[in-house]
Amino acid sequence: MPDTLPGDSHVHSEWSWDTSAGDMVGTCARAVEIGLPAVAFTEHLDFNHWLATPESLEVSPHYLPFTGDDLVVRPPVFDARAYLAAIDDCRERFPGLRILSGLEIGEPHLNPDAVAGILSAGPFDRVLGSLHCLPMAGGHTSPPVLLEQVKPGELVRRYLAEVPSVVAASDAFAVFAHIDYAIRFWPADVAPFEAADFEPEFRHALRALADSDRTLEVNTRLPLDPQIVGWWREEGGRTVSFGSDAHLPSALARGFREAAHMVEAHGFRPGREAHDFWTR
């Protein structure tokens with residue numbers, strides 16, 4: 001087990017539209033405090049719009065300021081140049097900390113030209129692809145809305161079935177974030193989630209990622225089931241990254257020691273630098 005923590009490759013600050021309490025400078029200070037060697041500020045980039053419901057907005061109240069009377073969530077424009085200037089400022093303030101620029105692109109396959117326009121303002125060191133919304137009649141919607149219509153197992157299957165479409169239609173990202181995102185919304189009043197019940201679906205999604213030479217993120221906001229990392233290796237996955245998905249400094253690198261131990265047990269090892277992907 002490495003003595004130092006892996007770099008945190010999935011962090012948000014005030015430059016993410018859903019993170020009003022985020023703090024880039026405070027997060028850097030927290031990284032220094034806990035001995036984290038590297039941090040990547042992968043701010044939300046969303047061009048997709050999606051349908052909410054009153055009930056789903058209770059689950060995700062941070063969407064309320066960006067939701068119209070038609071219950072459509074419309075994320076604001078991302079100011080790439082101002083964000084990159086803030087990155088440069090933090091690099092000057094914290095010279096001993098490796099600070100990476102980055103983006104977390106929601107549904108990158110749906111708006112490739114808009115995504116390319118933002119990336120051209122770079123450089124962006126760490127680009128994640130995410131799937132936060134799924135297709136529905138007339139547009140897209142979030143997992144909490146779909147759970148008003150389908151059972152939890154069906155939601156997970158729909159989510160995993162969509163992953164290969166994202167991979168096939170976009171080459172804008174290197175890392176696929178939180179492949180278990182839909183599980184965050186698994187209801188507490190039903191039988192617990194069991195990854196083994198969805199092994200074929202996970203393997204299909206993981207194979208698509210591996211075949212495209214992407215990196216699988218081990219996201220610690222919800223501890224990733226170790227079986228999924230095992231399937232990743234078996235399906236040909238070669239690299240993993242670690243991400244806390246922190247939206248506040250206090251959540252930085254949360255659960256990283258346990259996650260690193262689990263990943264190492266599946267045969268992955270650190271790269272030469274703290275911010276490098278782990279490889280097998």
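The side chain of His-132 makes a polar contact of 3.1 Å with the side chain of Glu-104, where a polar contact is a pair of N or O atoms within 3.5 Å, one of which, within protein, must be able to donate a hydrogen and the other to accept it, residues adjacent in sequence counting only if both atoms are side-chain atoms. A further polar contact, of 3.4 Å, joins the side chain of His-132 to that of His-178. These values come from a predicted model, in which local features need pLDDT of at least 70 and side-chain atom pairs count only at pLDDT 80 or more, while totals for chains, interfaces and linings use all residues. Residues are numbered from 1 along each chain as its sequence is written, and side-chain values use heavy atoms, with hydrogens and water left out.

His-132 sits in the loop between strand S6 (126-130) and strand S7 (134-136); helices (H or I, at least four residues) and strands (E, at least two) are DSSP runs, numbered from the N terminus. Because its relative accessibility is 11%, His-132 counts as buried, a word that here means under 20% relative accessible area, with exposed meaning over 50% and partly exposed lying in between (1.4 Å probe, protein chains only). Leaving out residues up to four places away in sequence, His-132 touches a set of residues that includes His-44, Asp-46, Ser-142 and Tyr-181, contact meaning heavy atoms within 4.5 Å.

In soluble globular proteins, nonpolar side chains tend to be buried together. The largest nonpolar core has 78 residues, and those with the most contacts inside it are Ile-179 and Phe-202; such a core is a set of buried Ala, Val, Leu, Ile, Met, Phe, Trp, Tyr and Cys residues joined through side-chain atoms within 4.5 Å. Helix H6 (residues 152-169) gives the most to this core, with 7 residues. Beyond its neighbours within four places in sequence, Phe-202 is in contact with Leu-160, Ile-179, Ile-183, Phe-193, Ala-195, Ile-228 and Trp-231.

Ala-253 has a positive phi of about 60° although it is not a glycine, and it counts as buried because its relative accessibility is 10%. The buried residues of H9 are Phe-256, Ala-259, Ala-260, Met-262, Val-263 and Glu-264, and they pack against strand S1 (8-11), S10, helix H8 (226-234), S11 and strand S12 (278-279). After H9 comes Gly-267, whose phi is positive, near 95°.

Two other loops also have backbone features to look at. Asp-213, in the loop between helix H7 (199-211) and strand S10 (215-219), has a phi near 65°, a positive value in a residue other than glycine; Asp-213 counts as exposed because its relative accessibility is 56%. In the loop between helix H4 (112-119) and S6 lies Pro-123, which is joined to Gly-122 by a cis peptide bond with omega of about 20°.
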